[in-house]
Amino acid sequence: QKFIANQLGSVFNQFQGQLILELVPWGNSRIMRDGSFSCNHGQKECDANRLQSCVIDILKVKGALPFIVCFERNIQHYGVEHAMQTCSAFIRSQYRQIRQCYDGPRGIQLQREAAQKTMSTRPNPIVEVPYLLINDYTPSVDMNNLNVMLLPQLLAKWTKLTHKQ
C-alpha cells in the first residue's frame, strides 16, 4: 500500500515510455470452497481489490493509476466508499460504469481473473505485497534483494541494458 501510494506513480511517470505496467489487485487473497473471497485484511481489502479491478478494466492501467494512487492513500484511513468518493474526480467520466462493475457480477469475475493471473504467473510464493514481477523476474523477499526505494535506479539500469542489445 505504501509503495503504491508513495512511489508507483512517480516511477511510472519516469519510465512511462519504457515499461508496461500491469496491476493485479489480488495479493494474498484466496477463493474459498463456496466461491467467496477471503482477504488477509478482511472485507475492506476484498472490496478494494474488486473496485480497483473494475477501474483498471474500464480505464486501463494508465488511466486508472491516478485513481489507484489516491485511493491507496485514502483507504489507509477510511472505508472503501469514502476513499472512492474522495478520489472520484479521477474516474468522474466513467463513474457510473465503474460503480456497476463494482456492485455487479463483472467485479466478481474480474477478481476470479486476478486470482488466476496471480496463481499462474508467480515464480516465487507471495510472502508479502506488493508482489513485483519485472521481466519475469521477481526478487526473493527473503533475501530482500530489491529495495523499492532503489527501483527507479534499477529500472534505469535495465532500460539502458535492453537498449544496448
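The structure is a predicted model, in which local features need pLDDT of at least 70 and side-chain atom pairs count only at pLDDT 80 or more, while totals for chains, interfaces and linings use all residues. Residues are numbered from 1 along each chain as its sequence is written, and side-chain values use heavy atoms, with hydrogens and water left out. With the bonded cysteines of the chain numbered in sequence order, the pairing reads 1-2, 3-6, 4-5.

Cysteine 39 is joined to cysteine 46, with an S to S distance of 2.0 Å. The torsion about this S-S bond is about 110 degrees, so the disulfide is right-handed. Both cysteine 39 and cysteine 46 are buried (buried means under 20% relative accessible area, exposed over 50%, and partly exposed in between, with a 1.4 Å probe and protein chains only).

The sulfur atoms of cysteine 54 and cysteine 101 lie 2.1 Å apart in a disulfide. Because the torsion about the S-S bond of this pair is about -80 degrees, the disulfide is left-handed. Cysteine 54 belongs to helix H2 (residues 43–75) and cysteine 101 to helix H4 (residues 95–103), so the bond ties together parts that are 47 residues apart in sequence. Helices (H or I, at least four residues) and strands (E, at least two) are DSSP runs, numbered from the N terminus. Cysteine 54 is buried at a relative accessible area of 0%, and cysteine 101 also counts as buried, at 6%.

A disulfide also links cysteine 70 and cysteine 87, with sulfur atoms 2.0 Å apart. This link is left-handed, with -85 degrees about the S-S bond.

Terms used
A disulfide is a pair of cysteine sulfur atoms within 2.5 Å.
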